[in-house]
Structures are given as C-alpha cells and as structure tokens.
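These are my notebook entries on one structure. I looked up a strand, its pairing and some backbone details.

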Amino acid sequence: MWDRPLAAAVRRFAAAGLRGALLLAAQSIGAEPLAAQRRPDTTGAVAIRKTATVEPDCAPWDGAALAFWIPTERLGGPRDGWLLLRIWRPPTRAAGRYDFPDTTDRIGRVVHFVSLSSPAAIVWETQPYEELRGVVRVDRVDTNHPVRLDLDLTAATGTRLAGRVEAQWIEARVVCV
C-alpha cells in the first residue's frame, strides 16, 4: 500500500486533473498499477442501481482500454463487494476470452474490492482487495449496446464469482496521454 506522503501527492495530481502525471509518478516509484488508475464515475448511478457498468479507460501504457464495474451480488458473491475488470484493449478489439491472472501484463486485471458499498465510495489508498483468477468472456463490444460478459472467477479465499452480466455504458471522455 502507499505511504501517506505519496497518497497526498496522488490526490493533488488527481484533483488537478493531471492523469498522465499521476500515472508517471506512480510508475516511477514502482507503485501498483491499480492504485494509479482513473477514479470511477461518481454520479451515483452505479451506487443506486447496483448495475454493472463499462466505461472507456486507459491501459498502463496509455492505450485505449475498458473498465467494467460489476457488483459481486450479481455473481453469487457478497452484497458489499465490487469487481473491477480492466481490459487493456480498444473496444473494437475487446471481444474474446481472457484468462486471469494476466502474467504478461498486456491483457488486463480483475480484482474484487471487499466491503465496498459502491465504486463512488472507494478510497484507493486503503480499500482492501483481492486478486482473482479464472476466465472472462466478453461478447461483441458496441458503444450503442450493453456489453455481455460471462465470468467464472475465484479468489484466493475460495470465493467463487460466476455468471453472466450485462454492463451498461457510462458516457465518459478519456484522453490517454
């Protein structure tokens, strides 16, 4: 986890909207890629409806990517948990099968945030999470329609999260620099 001075610096960069500087700073000190990523939508729509969502994102090397937020209760998991699935491919190439963990660091990442009421409530520096392993299948990705996902994931604790979900698009403009 991050130490307090670094976390404060990250908050200052994020508040200033300097996403590229934030990623560069995090990468230069070897911070976990997950901690340096863009914050989720905070409109409250995700928190109220407990709906799986998808939005544009950036890969660690600043290429186009997708970020999915999925409530674990939709997959037979706890009510107070969320999955963050990041696919580091542009939407036009995101359909397919993905095996996690990604040992190449070129495909993406999937983690389970435990004890999280909504993505809007996350505190990146202290939020407990666990890495997941398993398979994710992503159907055709079209920004005019929900994205269908089939997931079969397991945590180190043995918790299995499996099922089919449809992720609704959150409109966001992301510039990867």
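In which loop does Ser115 lie? I worked with a predicted model, and in it I found Ser115 in the loop between E5 and E6. I noted a positive phi of about 55° for Ser115, although this residue is not a glycine. Ser115 is exposed, with a relative accessible area of 54%.

Entry on E5. I looked up the burial of strand E5, residues 108-113. I found that 6 of its 6 residues are buried, so the strand is largely enclosed by the rest of the structure. Gly108, Val110 and His112 point one way from E5, while Arg109, Val111 and Phe113 point the other way. Residues on both sides are buried, the cut-off being under 20% relative accessible area.

Entry on pairing. I then checked the partners of E5. Strand E3, residues 82-87, pairs with E5 in the antiparallel sense over 6 bridges. Here I noted Arg86 opposite Arg109 of E5. E5 is also joined to strand E6, residues 129-138, by 3 bridges, and these two strands run antiparallel. Phe113 has Tyr129 in E6 as its bridge partner.

Entry on the backbone. Most residues other than glycine have a negative phi, and most peptide bonds are trans. I recorded a cis peptide bond between Phe100 and Pro101, with omega about 5°. Pro101 is in the loop between strand E4 (96-100) and E5. I also recorded a positive phi of about 75° for Asp62, which is not a glycine. Asp62 lies in the loop between strand E1 (53-58) and strand E2 (64-71). I found Asp62 partly exposed, at a relative accessible area of 22%.

Key: Residues are numbered from 1 along each chain as its sequence is written. This is a predicted model: local features need pLDDT of at least 70, side-chain atom pairs count only at pLDDT 80 or more; totals for chains, interfaces and linings use all residues. Side-chain values use heavy atoms; hydrogens and water are left out. Buried means under 20% relative accessible area, exposed over 50%, partly exposed in between (1.4 Å probe, protein chains only). Helices (H or I, at least four residues) and strands (E, at least two) are DSSP runs, numbered from the N terminus. Two strands pair if DSSP finds at least two bridges between them.
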